[in-house]
Amino acid sequence: MTETSMPRIVTTITELRSAIAEALAAAQERLNERARAEAAEQEGEVQYRSATLGYVPTMGALHAGHATLLRRASEQNDVVVASIFVNPLQFGPNEDYDKYPRALETDAQVAADAGVDIIFAPSVDEMYPEGEPLIRISSGELGNKFEGITRPGHFDGVLTVVNKLFNIVRPAAGSHEVNAYFGQKDAQQVLLVQRMIHDFNHDITLRPIAIVRDDDGLALSSRNEFLSEQEREAALVISRTLALMRENSLNRGFESIDLESARARINSTEGVRLDYLELVDPSNFQPPTADSERVLALVAAYVGSTRLIDNMDLL
């Protein structure tokens with residue numbers, strides 16, 4: 001597709017499967033024609049390759065961070081699908097499901113500019129036709145810490161819907177490779193999805209993409225639009241504290257970081273209330289050791305009534 005063409009928007013699972021099959025068949029034919037033309041020009045053997053599918057699951061309210069995921073998927077694949085579904089299973093009873101921003105028309109333009117071919121925008125009834133599913137995936141021990149403490153059941157809801165989406169998209173792609181793109185801002189989610197792919201033998205490759213930040217360092221999030229101007233300024237203490245921790249770690253090692261001082265710095269900012277600030281090994285979300293190849297600082301904090309998360313590599 002060209003940069004200016006709008007994605008095909010489908011709202012049912014049947015439509016999505018058909019759209020994926022059609023798009024991949026067309027992409028494969030283009031690749032085959034190109035391979036034959038190149039072989040004829042070079043007077044060599046035809047070198048065929050199989051078309052690939054990039055899949056980006058989102059809840060909509062697309063911002064520059066999402067656009068980065070979508071562009072990367074477009075750069076690395078022949079067909080790109082984005083799903084836009086505000087999944088009720090991952091919201092707690094006192095969370096912001098009802099006020100979570102929904103703007104399909106605006107999202108479609110962001111997707112078009114990033115090179116998306118198909119948008120899957122199902123209703124709740126399409127995804128859960130008999131109401132909330134009786135069977136859900138458990139996120140286990142990994143999902144019961146950090147975000148899982150503050151948002152019990154959140155990751156069970158995430159994994160349940162992602163598993164369902166994978167089971168819709170993967171068969172529709174047939175023999176074609178499928179790459180799924182997730183933002184590293186939700187680091188715990190990335191690890192859980194990676195483990196689900198491995199443990200459930202999903203024939204899908206996870207492609208994590210680095211956090212996208214605004215010019216002042218604030219991690220991009222759909223929830224940032226809930227912040228007042230004053231709250232947004234206060235929220236900068238989160239990324240600035242992480243940056244100081246990274247500087248200390250690079251200079252003196254992560255063992256030298258004074259977590260209590262870092263927590264106090266965030267908590268002492270007017271309008272900001274810390275939920276947690278911890279160091280983990282991102283391969284298992286256990287405390288880091290001298291053998292850890294990477295160390296990640298994780299933070300969650302309330303700015304006014306809006307809860308924000310962020311993280312930063314310290315090694």
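**Notebook: rings, cores and a binding-site record**

I began with charges over rings: the charged end of Arg-307 sits over the ring of Tyr-302, 5.9 Å from its centre. My test for this asks for NZ of Lys or CZ of Arg within 6 Å of the ring centre and within 35 degrees of the ring normal. Arg-102 also turned up, lying over the face of Tyr-97 at 4.8 Å from the ring centre.

A note on ground rules before going on. This is a predicted model, where local features need pLDDT of at least 70 and side-chain atom pairs count only at pLDDT 80 or more, while totals for chains, interfaces and linings use all residues. Residues are numbered from 1 along each chain as its sequence is written, and side-chain values use heavy atoms, with hydrogens and water left out.

**Entry: aromatic pairs**

How many aromatic pairs does the structure hold? I found six. Rings of Phe, Tyr and Trp (its six-membered ring) pair if their centres lie within 6.5 Å; planes under 30 degrees apart are stacked, over 60 edge-to-face, and the rest tilted. Phe-91 and Tyr-97 have ring centres 5.3 Å apart and planes at 65 degrees, so I logged that pair as edge-to-face. For Phe-91 and Tyr-100 the centres are 5.9 Å apart and the planes stand at 75 degrees, so this pair is edge-to-face too. Phe-91, Tyr-97 and Tyr-100 form one aromatic cluster.

I then checked accessibility, calling a residue buried under 20% relative accessible area, exposed over 50% and partly exposed in between (1.4 Å probe, protein chains only). Phe-91 counts as buried at 11%, and Tyr-100 is buried as well. Tyr-97, at 23%, counts as partly exposed.

**Entry: the binding-site record**

Which residues does UniProt list for "binding site"? The unreviewed entry gives Gln-90 and Gln-189. I keep in mind that UniProt positions are given in the numbering used here, that feature names are shortened, and that annotations may be inferred rather than shown by experiment. The two are spread over 100 residues of sequence, yet they cluster in space, with a largest C-alpha distance of 11.7 Å.

Gln-90 lies in the loop between S3 and helix H3 (104-114); helices (H or I, at least four residues) and strands (E, at least two) are DSSP runs numbered from the N terminus. Is Gln-90 buried or exposed? Gln-90 is buried, because its relative accessible area is 10%. Neighbours within four places in sequence aside, Gln-90 has contacts (heavy atoms within 4.5 Å) with Met-59, Glu-95, Arg-151, His-154, Gly-157, Val-158 and Val-161.

**Entry: nonpolar cores**

I defined a nonpolar core as a set of buried Ala, Val, Leu, Ile, Met, Phe, Trp, Tyr and Cys residues joined through side-chain atoms within 4.5 Å. The largest one has 42 residues, and Leu-16, Ile-20, Leu-53 and Phe-166 have the most contacts inside it. The elements giving two or more residues to this core are H1, S2, strand S3 (79-84), strand S4 (118-120), helix H6 (154-172), strand S5 (178-183) and H7. Which element gives the largest share? H6 does, with ten residues.

**Entry: positive phi**

Two non-glycine residues went on my list. Glu-43 has a positive phi of about 55 degrees and is found in the loop between helix H1 (13-42) and strand S2 (53-58). Glu-43 is exposed, with a relative accessible area of 75%. Asn-201 likewise has a positive phi of about 55 degrees, and lies in the loop between helix H7 (187-199) and strand S6 (205-209). Asn-201 is exposed at 65%.

**Entry: the whole chain**

Last, the overall view. I counted nine helices and nine strands in the protein chain. Its radius of gyration is 21 Å, close to the 20 Å that the globule rule gives for 315 residues, so the chain is as compact as a globular protein of that length. Here the radius is taken over C-alpha atoms, and the rule is 2.2 Å times the number of residues to the power 0.38. The C-alpha trace spans about 65 × 50 × 40 Å along its principal axes. Of the 315 residues, 52% count as buried.
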